[in-house]
Each structure stands twice: as C-alpha cells, then as structure tokens.
Amino acid sequence: MKVLIISDTHGKIDHVTMVLERTIPLGVGAILHCGDYASDARLLQKYYPHIEVHYVYGNCDVGFGGAYSEVVEIEGVSFYMTHGHRYGVKWGEYDDLVIDAIAHEAQVAVCGHSHCAHIEWQDEVLVLNPGSITQPRDGRYPSYAIVEVKEGQIREANVMQIRKNESIGMHPVMHQMHR
C-alpha cells in the first residue's frame with residue numbers, strides 16, 4: 001500500500017484532491033495528515049470514505065482538542081505522527097523526534113510545522129516532513145510525500161512537488177537522502 005503524507009493544508013485541500021485522484025489508482029490507500037487544519041483531514045475522510053485517514057493536531061488547531069501525536073500501523077509498518085511544533089523541526093532539528101519515534105517503536109517519524117520538506121534515515125528511523133501542500137517555505141512549489149509499505153517493510157519513500165500546470169516532480173530534498 002502507498003501512504004500519502006501531507007501537512008499544513010491550512011484550509012485548502014484542492015492540491016490534495018488532485019494528488020489523490022492521480023495516486024489512488026496507483027495504490028494510495030491511506031493518508032497521514034500531520035496537522036495544521038485537522039479539519040481538512042476530516043473533510044478528506046468524508047470525500048474519500050474508502051481511504052484510511054489519520055491525523056494529529058498542530059499549533060493552528062488549538063482549541064479543537066485531540067492528539068498531538070499518534071502511532072499508526074499500516075501494512076505492518078509503524079508510523080509516529082506529530083505536527084512538530086513541540087520539537088525543533090522548524091530549525092531543522094529532528095533528533096528529539098527520532099528519540100520519541102524509537103521510544104514508540106516506530107519505523108517512520110512523520111511531522112510538519114516547518115513547511116519545509118525533509119527526508120533522511122536517522123538511527124534506523126525514516127524521518128519525513130512532507131513540507132506544505134499549500135504554503136511551502138522551501139521553494140515555490142507545494143509538496144507532499146508518498147511512502148510505499150508492504151509486509152512490515154518500507155519499500156520506497158519520496159517527497160514530491162506540484163509544479164506549474166499541476167505537473168508532478170521529485171522534490172530537490174530527495175537528492176540529499178541517505179541511509
């Protein structure tokens with residue numbers, strides 16, 4: 001199964017629906033929304049009832065109540081989800097996030113908050129921030145991630161950008177990924 005990972009939608013889901021229409025036929029069966037407008041994730045649940053949707057609350061979701069972190073298992077792969085505002089991700093610091101992911105026995109740590117995409121392997125944990133699909137701060141293109149999982153293994157992980165005329169391309173951060 002492929003998992004669509006998004007964050008920081010801030011009330012705009014048009015890019016998400018466009019990406020879903022293109023990726024559901026390719027095997028996307030779950031969405032992880034890493035906060036800031038968890039209400040958008042609830043809308044996606046309504047529009048795509050056949051897709052698993054998981055979400056956490058971010059700093060812009062204050063007052064709505066709910067979890068700021070969650071562990072989700074998909075196809076035997078454990079994802080530690082959080083928005084990231086309680087960590088140093090805005091400044092590129094992912095160490096504490098990795099510590100919490102390891103404490104929760106997660107293979108993948110996903111977050112948002114910075115609006116900047118990030119992907120790396122750290123202490124056997126895939127650390128992934130999809131950036132923002134509506135308000136990117138690491139360039140001019142909205143971004144998201146797709147992680148393919150099967151039988152307890154991470155098969156592939158990519159951060160993608162929505163470019164001009166809704167064309168899709170690899171995010172430059174992919175050139176920096178190492179294991």
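Let's start with strand S9 (residues 143–150), a mostly covered strand in which six of the eight residues are buried. The model you are looking at is predicted. S9 belongs to an open sheet of six strands, ordered S3-S2-S1-S9-S10-S11, with mixed pairing. Below is a short tour of that sheet, the helices lying across it and the salt bridges.

**Strand S9 and its neighbours**

- On one side, S9 is joined by four bridges to strand S1 (residues 2–6), and the two run antiparallel.
- Within that pairing, Leu4 has Ile146 of S9 as its bridge partner.
- Eight bridges join S9 to strand S10 (residues 153–162), again in an antiparallel arrangement.
- S9 and S10 make a hairpin with two residues between them, and Glu151 in the turn has a positive phi of about 50 degrees.

**The sheet as a whole**

- As a general point, strands of a sheet pair through backbone hydrogen bonds, either parallel or antiparallel.
- The order of the six strands is S3-S2-S1-S9-S10-S11, and its edge strands are S3 (52–55) and S11, each of which pairs on one side only.
- From one strand to the next, the twist averages 30 degrees.
- Strand S2 (residues 28–33) runs parallel to S3, and four bridges join them.
- Ala30 stands opposite Glu52 in S3.

**Helices across the sheet**

- Helix H1 lies across S1, S2, S9, S10 and S11, and runs at about 170 degrees to S1.
- Helix H2 (residues 38–47) lies across S1, S2 and S3, running at about 170 degrees to S3.

**Salt bridges**

- Side chains of opposite charge can pair when their charged atoms come close.
- The structure holds two salt bridges.
- One of them brings together the side chains of Arg22 and Glu166, at 4.0 Å from N to O.
- Arg22 lies in helix H1 (residues 14–23) and Glu166 in the loop between S10 and strand S11 (168–170), so this pair ties together parts that are 144 residues apart in sequence.
- Arg22 is partly exposed, with a relative accessible area of 38%, and Glu166 is also partly exposed, at 40% relative accessibility.
- Another salt bridge forms between the side chains of Arg155 and Glu151, at 3.9 Å from N to O.
- In this pair, Arg155 counts as partly exposed at 46% relative accessibility, whereas Glu151 counts as exposed at 63%.

Technical notes
Residues are numbered from 1 along each chain as its sequence is written. This is a predicted model: local features need pLDDT of at least 70, side-chain atom pairs count only at pLDDT 80 or more; totals for chains, interfaces and linings use all residues. Side-chain values use heavy atoms; hydrogens and water are left out. Buried means under 20% relative accessible area, exposed over 50%, partly exposed in between (1.4 Å probe, protein chains only). Two strands pair if DSSP finds at least two bridges between them. Axes are lines fitted to C-alpha atoms, for helices over the stretch in contact, and angles run from 0 to 180 degrees between N-to-C directions. Contact means heavy atoms within 4.5 Å.
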